[in-house]
Amino acid sequence: MTDVDDAPELTLEGFNLFSDQVQQCPHAYYALMREQTPVFHVPGTDIYLVTRHDLVVPILRDVETFSSNFSTTGMKPDADLIAKMNDVIKQGWPKVPTMLTIDPPHHTRFRGTVAPYFVPRRMKELEGPITEIVDRLIDALPTDGTVVNVVDALNVPVPIEAIAHVLNVPPEKLADFKRWSDDSIASIGTAISDERRLEALAGEVEFQHYFAEQLERRRSEPIGDLMSDLVQARIESEPDHPAIEGDGKRSLDMPEMLSIVQQLLVAGNETTTKSLTEGVRLLAENPDVWAKLKADPEGYAPNVTEEVLRMSTPTQGMFRIVQRDTEIDGFPVPKGARLVVVYSAANRDPEVFPNPDEFDPDRDGLMKQHLAFGKGIHFCIGAPLSRLEMNTVFRQLGRRIESITLADDNELRYFPSFMLRGLMRLDVSFTRAD
Ligand code: HEM
């Protein structure tokens, strides 16, 4: 079964990233772009979408021409709103770029402070706690045919509770933690009201205060967690930095540490939730795959995870800022233009993934070729964690659940954003195997 509607009269004329039709099912548009104009200039903007796998990969490798310094690419608010936003921002710490939106050499320094956390040994230590989280949530699923929204019941809590475990956030703070995560992504790739923008900013400031206190505490009482690593980290310093020490290094300052912690939230929660939801849908819609997973939950779950990542690609694309006039596949792109490397389009490139709209976890070389986590120096630092979470969910569903059935009245509406793609809810009923 494929997840792309036939749309015979589709055209790229007047293509609008914010239109509901595009956001609900972009794949047919991406297919047209790959065929007709793989570097597509979005009318009336300085945005270019790059949709072919063989064009996206070299862009990710050429970090000098294609910069990740895109933190200022949001929609510009009017002066009145800026004044109100500044009043909120003043109550927190300045937001500084650290990993996702910064280029080398700074990128390398910041990434080095958290990379040691996401190594296999640490992930192994997380296997037990994450299985416990997933099992507790599966225990609570109704299995008498009652329909449940699996987004709320399973797919939101898994990544939130997993990263909360990593950051040692206590259970009573989980609801706030989830709210801060929502606030941090509120304006990414979507249009929101002024009120929501201000509310979201206030949530981010609240988040900063909570974690600033935690980080200060780790300074006097390190407990060997990721935040303790951050306060102890020493990075190569810029020569003119006031905190530089004799060895040319310095500690991270509070805005930098907060930026890193916030990115772990922003980048990890929504994305994993969205992939898990698409995964449950795909398993329910593809009984042959479900049967294979049930026959060997441990062995087959990683295949399911990688194919779900390819098909869902919740981070649909990422910006790169063009540093000099250049050409991509013969198409001129001017200095200053904003490119979007469209990972979700590249992940359905039939040159790399034959029959790309089909859910087939047995594809060869899947893990190496799909771009759901990007590629190159910005490759998702949390990939091992989210793979662990997804593998655990699919494995435990395969072991413990007999059948997954989609409710007939599912609307299958996607979150309205051109950056983050995922179903807003998914109503499902389960029957239990154990
Ligand atoms: C299914 C889940 C996830 C998906 C699809 C995803 C996707 C991505 C992608 C595509 C990038 C590269 C962005 C670029 O090219 O500029 C990225 C970077 C990043 N991701 Fe993830 N991510 C996921 C989960 C996570 C988790 C669980 C965490 C943290 C715990 C995380 C933290 C980050 C960070 C910090 C970066 C920036 C890395 C850098 O710029 O060096 N992500 N992610």
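Helices (H or I, at least four residues) and strands (E, at least two) are DSSP runs, numbered from the N terminus.

This is a predicted model: local features need pLDDT of at least 70, side-chain atom pairs count only at pLDDT 80 or more, and totals for chains, interfaces and linings use all residues. Residues are numbered from 1 along each chain as its sequence is written.

**Exercise 1. Decide which side of helix 13 (residues 287–295) is buried.**

Step 1. Set the cut-offs. A residue is buried if 20 or more other C-beta atoms lie within 10 Å of its own, exposed if 12 or fewer, and partly exposed in between; C-beta atoms are placed from the backbone.

Step 2. List the buried residues. They are Val289, Trp290 and Leu293. These cover an arc of only 100° around the axis, so they sit on the same side of helix 13. The arc is that of the directions from the helix axis to the C-beta atoms.

Step 3. Check the opposite face. Turned away from the buried side are the exposed residues Pro287, Asp288, Ala291 and Ala295.

Step 4. Look at the cover. Helix 12, helix 14 (297–312), helix 17 and strand 11 (401–406) are among what covers the buried residues of helix 13. Contact here means C-beta atoms, placed from the backbone, within 7 Å.

**Exercise 2. Describe the shell of 25 residues around the ligand.**

Step 1. Name the closest residues. They are Ala267, Gly268, Gly374, Cys380 and Gly382. A residue is near a molecule if its C-beta atom, placed from the backbone, lies within 6 Å of it.

Step 2. Find the helices. Helix 12 (254–285) and helix 17 (383–400) each supply at least two residues. Helix 12 gives the most, with 7 residues.

Step 3. Sort by type. The shell has 13 nonpolar, 11 polar and 1 charged. Ala, Val, Leu, Ile, Met, Phe, Trp, Tyr, Cys and Pro count as nonpolar, Asp, Glu, Lys and Arg as charged, and the others, Gly among them, as polar.

Conventions:
Contact = placed C-beta atoms within 7 Å.
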